[in-house]
Amino acid sequence: MKKTAFFLPFVAALLCTASCKKSYLDKAPGVDITENTVFSSRVNLESFMATIYKYGMHSLFRYADQQNFSTTVSVGQYDAAGPTGMMCDEGDASEVPYYLTDNWNTGNILSTNIVASEDYRYYIRWIALRQMALVLSRAKEVPALDPTATTSYINQVTGEVKVLRAMNYLEMIKRYGGVPIVTETYAPGEFVKVPRATLQECIDFILKDCQEAIENPDLPASYSVAQTGRVTKAVAYVVKAKTLLLAASPQFNTATPPLSMPDGDNKLICLGNYDIGRWQKAADAATEAINYVQLNGYSMIDDVTKRDPSDTVSTVPTWVGKAPDGNYKNAWLTFDNTEIILSYKGAAPNNSSNDPIRLFKPTFADGGTSRSGSSVPLNFLRKYEKKDGTPQTWPSTGGADLLSKFLELDPRFKQTICYTNSYYGAADPKAAIYQGGTPGNVYATCKGGTWMRKFLPYGGNVRTNVNDILYRVNELYLYRAEALNEANGAPPAQAYADVNKIRNRSAMPNLPAGLTQAQFRDRVRNESAIELAWEDHRFWDIRRWLIAEDPGVMSGAFEGLKITKTTDRLFSWSTYTFETRTFNKNMYLHPFPQPEVLKGNLKQNPGYF
């Protein structure tokens, strides 16, 4: 029996802790154990599975304890990069501590800073993949030693591991293209040199794991409350759909990548040709996922009385108060609701030192203890339509009544963004986002003119767990609509129905009929930006669409609102450029970390050293 050189040095460290809000990930043995002990009983295997989840499940947000996950390489300033929304047109990190976010905004992404600048899980991921390989090779030994480890249970565990492995490879290919495929365990001291697999080989590997999980009779559609956070068959369907959508997208569905590999080995970073059939495969996978989740208790939140909720009345202006209780807000704020297919449960509850909220909450709103806030550039604000479905206008000459313009916007705006005179938190119940505003120097740091508010709890300044959502039902409809439009040369009825379903649950009107393929493409991309704002989609979408270098996306002028108070109800405004950003074509892919390339088994991505 082989033993992995990567596993043995870390067994005690990896199994000594595993914490999460739900009880499943609290199962750690508390004593040092050997590899053989792991596979001697169901209890020990469950403890090891908890560790695999800790290392192998990514999260939307960053937590302080994640900087210590890697026992080989420190990820350093784990929070200095902030959420990916700060790296594109969704947001702007307003304070100095987010210097690593600026690496993206200034085009300064290097092989020496990529781990700290975004992919802080790079080394953690390989540890998890080797743990997964061990389970797949040895889990079947457990029933002979412990009859409680039934065949059904072992099937479930192996199904979970295959979904987790597929998730990890999806996270890697969207960053790097083809990566090494590791399925073996290796003997101590054995020299291992695994080269990059082609992008197609990696995609096939992901799809194979997903399909085997889908066909696994013992991988459930959902779990008990105590085990919420474990991957399900529904997750396998989503990962399959996301993988095929990525494969169909312009970034990879081509023979000509933005930059070619120096040696011409482009099969590592693209699929070698454009095949319109890839779009249909993506649409079919999204349909399979939608059908499965609908049959198994997952659904979009759509209470007709909460599509366009009224604002909470406070003092004089009727639009001052907490963000209204609408479908959109409830879908991401309510824990474990029917729309959530998978969320990360690895954060300790009420742990202020491990709280991701401080990473994007303005300092003034948390007694000065937060790291930064993210303002929302006018570049992104322009994506919000009026409630009648027509574009809002933001002329450079400005205007005299800013609040009236805000009130005209898509109801999702007020459920996502903190704007002048709206509620932020107990320390700032009536946001003073204007020149001379208080408390503190609010206007100077809010360069965009509005603050990101999504995901932050509404119970004052109490630090608490956020709803760390990885996959939701709503995104599947957007995937299918996008893919159907590209596969058919024009949007079919189903594509319209999918986008309109998303819009209607937030009281937005149907898209106009008769759109061309290009017009519908623009509309579904805009809909994805609004619906999935700050859920770690936009940064990756604009890369797979190859639009990151377009003016105002990740390049060029970034604009904000200069706001002046006239009365409590009247605010004048004008636009200005607060920053000019740079995006280089090599940034469509991440560089592999330099120490890994220097080992000699990885070909670096083009444009990096």
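What share of the contacts in the protein between residues at least 6 apart in sequence join residues at least 24 apart? The share is 72%, where contact means heavy atoms within 4.5 Å.

1. Basis of the model. This is a predicted model, in which local features need pLDDT of at least 70 and side-chain atom pairs count only at pLDDT 80 or more, while totals for chains, interfaces and linings use all residues. Residues are numbered from 1 along each chain as its sequence is written, and side-chain values use heavy atoms, with hydrogens and water left out.

2. Confidence. The pLDDT, which is the predictor's confidence in each residue on a scale from 0 to 100, has a mean of 86 for the protein, and 82% of the residues reach 70 or more. Over residues 313-318 the pLDDT is below 50, and the model gives this stretch 11 contacts beyond near neighbours in sequence. Residues 1-32 stay under 50 as well, and for them the model has 87 contacts beyond four places in sequence.

3. Overall make-up. The protein contains 21 helices and 8 strands, these being DSSP runs numbered from the N terminus, with helices taken as H or I of at least four residues and strands as E of at least two. Of its 609 residues, 63% count as buried, a term that means under 20% relative accessible area, with exposed set at over 50% and partly exposed in between, using a 1.4 Å probe and protein chains only.

4. The nonpolar core. A nonpolar core is a set of buried Ala, Val, Leu, Ile, Met, Phe, Trp, Tyr and Cys residues joined through side-chain atoms within 4.5 Å. The largest one holds 171 residues, of which Met167, Ile341 and Phe406 touch the most other members. Helix α8 (residues 151-176) supplies the largest share of this core, 13 residues. Leaving aside neighbours within four places in sequence, Ile341 is in contact with Ala234, Val235, Val238, Val293, Tyr298, Tyr471, Arg472, Val473 and Leu476.

5. Helix α17. Because 15 of its 16 residues are buried, α17 is largely enclosed by the rest of the structure. Just after this helix, Gly489 takes a positive phi of about 80°.

6. Lys240 in α10. Lys240 is found in helix α10 (residues 233-248), and with a relative accessible area of 14% this lysine is buried. Neighbours within four places in sequence aside, Lys240 is in contact with Leu207, Cys210, Gln211, Ile214, Ala285 and Glu288.

7. The β7-β8 hairpin. Strands β7 (residues 556-565) and β8 (residues 571-581) pair in the antiparallel sense over 10 bridges, pairing being assigned if DSSP finds at least two bridges between two strands. The two strands form a hairpin with 5 residues between them, and Gly560 stands opposite Tyr576 in β8.

8. Gly399 and its surroundings. Gly399 is found in the loop between α13 (378-381) and α14 (402-407), where its relative accessible area of 26% makes it partly exposed. Not counting residues up to four places away in sequence, Gly399 touches Ser572 and Trp573. From C-alpha to C-alpha, Gly399 and Thr575 are 9.7 Å apart in space, although 176 residues apart in sequence.

9. Buried loop residues. Gln415 lies in the loop between α15 (411-414) and β4 (417-418) and, at 1% relative accessibility, counts as buried. The side chain of Gln415 reaches the backbone oxygen of Pro411 at 3.1 Å; a polar contact is a pair of N or O atoms within 3.5 Å, and within protein one must be able to donate a hydrogen and the other to accept it, with residues adjacent in sequence counted only if both atoms are side-chain atoms. Arg121 is found in the loop between α5 (114-117) and α6 (122-138), and at 6% relative accessibility Arg121 counts as buried.

10. Backbone points to check. Asn421 has a positive phi of about 75° although it is not a glycine; its place is in the loop between β4 and α16 (442-445), and with a relative accessible area of 3% Asn421 is buried. Asp536, also not a glycine, has a positive phi of about 65° and sits in the loop between α19 (517-531) and α20 (538-544).
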